[in-house]
Amino acid sequence: MTVESTAARKPRRSSGTKRAAGAASAAKAPAAKAAATAQNAEPQLVQLLTPEGERVSAADNPDAAEFLSFVEDITTEDLRGLYRDMVLTRRFDGEATALQRQGELGLWASLLGQEAAQIGSGRALRDDDYVFPTYREHGVAWCRGVDPTNLLGMFRGVNHGGWDPNTNNFHLYTIVIGSQTLHATGYAMGVAKDGADSAVIAYFGDGASSQGDVAEAFTFSAVYNSPVVFFCQNNQWAISEPTERQMRVPLYQRAQGFGFPGVRVDGNDVLACLAVTRWALARARAGEGPTLVEAFTYRMGAHTTSDDPTKYRRDEETQAWEAKDPILRLKTYLLASGGADEAFFESLEAESEALGKRVREVVRAMPDPDTMAIFENVYADGHALVDEERAQFAAYLASFEEGH
Amino acid sequence: MAVEKMSIAKALNESLRKALEQDPKVLIMGEDVGKLGGVFRITDGLQKDFGEERVIDTPLAESGIVGTAIGLALRGYRPVVEIQFDGFVFPAYDQIVTQLAKMHARALGKVKMPVVVRIPYAGGIGAVEHHSESPEALFAHVPGLKVVSPSNASDAYWMLQQAILSDDPVIFFEPKRRYWDKGEVDTDAIPGELHKARVAREGSDITLAAYGPMVKVCLEAAAAAAEEGKSVEVVDLRSMSPIDFDGLQVSVEKTRRLVVVHEAPVFLGTGAEIAARITERCFYHLEAPVLRVGGFHAPYPPARLEDEYLPGLDRVLDAVDRSLAY
Ligand SMILES: Cc1ncc(C[n+]2csc(CCOP(=O)(O)OP(=O)(O)O)c2C)c(N)n1
């Protein structure tokens, strides 16, 4: 019996401390080999909207029942909103990829395929919640109200961030893998100390889960019972390395060893991502501590525009995931259920065009920073050495103007 | 034929290939080093030819990469680990500084640590944050580590061989913006010593000392200065720990002037150490203070500013003029 077959008859959640009995039986499963198979197998997921665009009812899937209650209030209009978010995010992303190809951006990390995971989780957040993203959370940024063009500065090479994290409670992108999970945990510790009921969410990849920082974040958040949701987008790859190079048991199960629940959700199902994230945030707000959400999804494009996935990835795999496209399935549902008509999709197409145009224009007009910006904001209080070097460099630059 | 023209990237690849062939204890480890052949393709084709047991894709964990390499070395292996980019060595910095560097001393010399940590470093490729840094001084400052950086294909080929053969840990900094520069490599040659400086261009008026990516800039500066009638000697230091002060001293006693050039911030950098030592050794020969050209006390800037930030020809020539003006 594999771990997966054990898990299949239970709720998808691995047990936290409250479910110690379940944890004990799962722990008895034969270790490495069987677990490795389970990791590779198509896992059971919390799913509320199938790839064919059909809603899952509590009767179809008892495991989904608990989560369904978290999206009971979602209206058809809300669904159209989620659809719009995903479409516009994809359009923005596609535009950025094109701009990179045209030499306007130095690099781009595409979110193609991960729209549901990002929009579903992003729309679960409250304004006073705080987000710690990696470098690929363009959809979450969208949900936070960050102007998408602000995200492009660092990829164009004009800044290292480009927005004030406190304006939208959306922290700067973090490139060093996993670092931000500790920042999120610390922030959540602060939230708890303040007695506030907001929550914190940290995004990271399946590859990042191998970093020591992530394990330390799990430890701290568990020990301090911090209101943080760890939202891992398992997009199956860390550049060229498949998830089997990072772990031998399904990722969501790891939470159990740290003493908090983990759940695996269909990352291409925006409704399920919304429901599961709301559930995890509710736990955080209620003082029940951290949760690990593993959004099982797929990176449809290259890792970044510098990457060549043909070196390590088979076309068949990508094609199989195309059938699970997060946007298509919601469209199918909206059409079939009468939730949206052609006019809706057409007006969205126009909006999409307008967004693309704006992004192109803003990027092309983005000026290079002033040279002296090198010396700006190195210290909050100022620093004699920086002042000296700034003056020397200014004099050096001025010498050209005089000399020629 | 043993002499072949190849890029630095290819030379490193050939060097790793040779090391894998010659010693079954040599292992390559790192993120994406297998099928992908590394993000810079330095390990291209090696996993295909030597298998997954010798060329190992690791989990995405730098502390883990270096920490396990230490264990493998204790077991008699010679791991050559790749850190994907300069800015990502820091999760491993703890293992490198607190463990790798000190193991030999702590074990009363009974344990050897033949671990090579390869790091593509420095700027000039238009990258985002953490992909352009020059942290060599942070490693050179640590007793127990050796720190080197090749500037050309031949050195890339031979210095990596020598680093792998060394029983001490070697931090091997690869100038990533030079990966595609080609040069001749004599694969049958008897290479020079790993830590010896090399006179890359002879001159009599002033010495420029550099390593890694800045050697090329200094050679270009020397050529430009020659047109103005100035004879500039360029010394490629090749090693930042140890530094070949004897070799540099010979050059400075001849030219009586020294400018040290590196991309890393000048403050408390390798140039500071060189200035201090050369001043001590050559005080009566020097016609001018030792000058330094390098990075500012500021984070490496966004890509659109890196051309201004990086020492280029003009800044090097400016320093040459300032030195000659004394
Ligand atoms: C500490 C560190 N090591 C290496 C890298 C280089 N790198 C950037 S992204 C990446 C893969 C990340 O994979 P994953 O965590 O699964 O996230 P994904 O990019 O797939 O969303 C690597 C190795 C890095 N940014 N930081």
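1. Contact here means heavy atoms within 4.5 Å. On that rule, 40 residues of chain B are in contact with 43 residues of chain A. This is a predicted model, in which local features need pLDDT of at least 70, side-chain atom pairs count only at pLDDT 80 or more, and totals for chains, interfaces and linings use all residues. Residues are numbered from 1 along each chain as its sequence is written, chains are lettered from A in the order in which they are written, and side-chain values use heavy atoms, with hydrogens and water left out.

2. On the interface: chains B and A bury about 3,500 Å² between them, with carbon and sulfur atoms giving 61%. Buried area is the accessible area (1.4 Å probe) that two parts lose on being put together, summed over both. On the chain B side, B:Leu60, B:His297 and B:Arg304 lose the most area to chain A, together 22% of what that side buries.

3. For salt bridges (a side-chain nitrogen of Lys or Arg within 4 Å of a carboxyl oxygen of Asp or Glu), the rule finds two across this interface. A:Lys311 and B:Asp44 form a salt bridge at 3.4 Å, N to O. Have a look at where these two residues sit: A:Lys311 is in the loop between strand S7 (291–296) and helix H14 (315–322) of chain A, and B:Asp44 is in the loop between strand S2 (26–30) and helix H2 (46–50) of chain B, so the pair joins two chains. Helices (H or I, at least four residues) and strands (E, at least two) are DSSP runs, numbered from the N terminus.

4. Within chain A, the side chains of A:Arg126 and A:Asp197 meet in a salt bridge at 2.7 Å, N to O. A:Arg126 lies in the loop between helix H6 (115–122) and strand S1 (130–132), and A:Asp197 in the loop between helix H10 (179–194) and strand S2 (200–205) of chain A, so the pair ties together parts that are 71 residues apart in sequence.

5. Helix H16 (residues 342–365) of chain A holds both A:Glu361 and A:Lys357, four residues apart, about one turn of the helix. Their side chains meet in a salt bridge (3.3 Å, N to O). Also worth a look is the salt-bridge network linking A:Arg91, A:Glu95, A:Glu353 and A:Arg360.

6. Turning to the fold of chain B, there are 12 helices and 14 strands. The C-alpha trace of chain B spans about 60 × 40 × 40 Å along its principal axes. Of its 326 residues, 59% count as buried, meaning under 20% relative accessible area (1.4 Å probe, protein chains only).

Notes
Buried < 20%, exposed > 50% of the residue type's maximum accessible area, 1.4 Å probe, protein only.
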